[in-house]
Amino acid sequence: GETWHDSYAWMGSLSDAAAMRHMDVHMEAEEKYAEACLAAAGADRLARKLQLEMASRLASDACTPPARWGPWLYYRRADEGKQYPVLCRRSAALHGEFVSYSDPSAGFDFTAGKRIEQKLVDYNKEAERFGGYSYEELSEVSPDHRFIAYTMYDKDKDSFTLMIRDLVTGTLCDKPRADRVSNISWAMDGKALVYIVTNEDRRPYRLFCSIIGSNKDDILMLEEPDENIYLNIRHTKDFRFITLNVFSDTHSKVYLIRASDPLSRMTLVWEGESQVHCIVEHHHGHLYLFTDAAREGVCVNSHYLMQCDVESPGPKSWKNVFLEEPGIILEDVDFCNTHMVLILRQGRKLRLCSVNLPLPENIQVPAHLSDFHPLDLPLPDHVCQILSGPNYDYYSSTMRFTISSPVVCIYFCCLS
């Protein structure tokens, strides 16, 4: 029979802009109170000591390893004293001669008469546009390297806002600038962007196509009214197709959209039970499906790879690529134009091996892995995890992986 009054219930009103502004003021007051209490206890001196100790161990010129895609090397670096990184690129042709890893922004191309580094997006300036605090969730450079589409968190709306920046002029495009965007994929060689919008309950339910430079409204390609169904998109590495995953508590489906004509009819290529992992890739007329779905109604506890013809796709067209072999588990697969690279686990040991593509016509799938003459790549001792890196360049035979062990974590490039 007792009743309590929750004086902080207003904090649950996430859609109330006034309440959220009040939340910011309240949190700022709480932070100042905490700082005052810590200073009174002498903790501020300890904090300064820890900051100095950590600063001496942190590189001020932090930079991600440059990832090559086409004629460019893309990387993110942090300017000293800045909170957010800067997305940059530089010509791969000048990589070996001019680039300094200790100072990635240094260097001048005397032939072109300009600095080597191009700043694409300064996320410090982006944060200022959103009231001083923001962060990026998604970013995709167009396949022609002309535009970048990215989403930034807007704390006032409590959602992610989509923007497109012209990398030649550095200006933002007028459209699309949608809110609550959860996925993006380029189409028509960078002339169109396909994206998914969530509803107020954060369920991805609408699929749009925006023609870059057009004054027309973005085209609604699909709207899913069922509250139990979610949408997700990704492009294949060769940018030929966009895959649309439709999943719910009862089923999963994958549709294929031609990137050259995204408004054409979608094709159902796979369907199965709910809550399964499905990634579709394309290579020279064949689709590859990497999944952990049940096989003939029998649940599995690992992933496997299937193949079908892109001209006659369908849920019943898939064939296994590899025969099951005791003790060998396929953990991941990555593709480029000439090879597929497999991450395998045999007992407690991990393997990283490449297989030539296209697969030999004289071998009927499914077949044993050994029939494809895989090339095993040398690994350090005591490897406990291998993760595929940002292998954006589909037409490069150099692929990057992150290899971890109890004593070291390194970036590892393999040349197929």
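Visitor: How much of the chain counts as buried?
Guide: Of its 416 residues, 43% are buried. Buried means under 20% relative accessible area, exposed over 50%, and partly exposed in between, with a 1.4 Å probe and protein chains only. This is a predicted model, where local features need pLDDT of at least 70, side-chain atom pairs count only at pLDDT 80 or more, and totals for chains, interfaces and linings use all residues. Residues are numbered from 1 along each chain as its sequence is written, and side-chain values use heavy atoms, with hydrogens and water left out.

Visitor: Which secondary structure does the chain have?
Guide: The chain has 4 helices and 28 strands. Both are DSSP runs numbered from the N terminus: helices are H or I with at least four residues, strands are E with at least two.

Visitor: What does the C-alpha trace span?
Guide: About 75 × 65 × 55 Å along its principal axes.

Visitor: Let's look at a sheet. In what order do E10, E11, E12 and E13 come?
Guide: The order is E10-E11-E12-E13, in an open sheet with antiparallel pairing. Two strands pair if DSSP finds at least two bridges between them.

Visitor: Which strands stand at the edges?
Guide: Strand E10 (181-187) and strand E13 (219-223). Each has a single partner strand, so one side of each has no neighbour in the sheet.

Visitor: And how many bridges join E11 to E12?
Guide: There are 7 bridges between E11 (residues 192-198) and E12 (residues 204-211). Ala192 stands opposite Ile211 in E12.

Visitor: Where is Phe208 found?
Guide: Phe208 is in strand E12.

Visitor: Buried or exposed, that Phe208?
Guide: Phe208 counts as buried, because its relative accessibility is 15%.

Visitor: What does Phe208 touch?
Guide: Leaving out residues up to four places away in sequence, Phe208 touches Leu193, Val194, Tyr195, Val197, Asp218, Ile219, Leu220 and Met221. Contact means heavy atoms within 4.5 Å.

Visitor: How many Å separate the C-alpha atoms of Phe208 and Ser252?
Guide: They are separated by 21 Å, with the two residues 44 apart along the chain. Ser252 is numbered within strand E16 (residues 252-258).

Visitor: Which sheet has E16 in it?
Guide: An open sheet of 4 strands, in the order E14-E15-E16-E17, with antiparallel pairing. Strand E14 (230-235) and strand E17 (267-272) are its edge strands, and each pairs on one side only.

Visitor: How many bridges join E16 to E17?
Guide: The two strands run antiparallel and are joined by 5 bridges. Tyr255 stands opposite Leu268 in E17.
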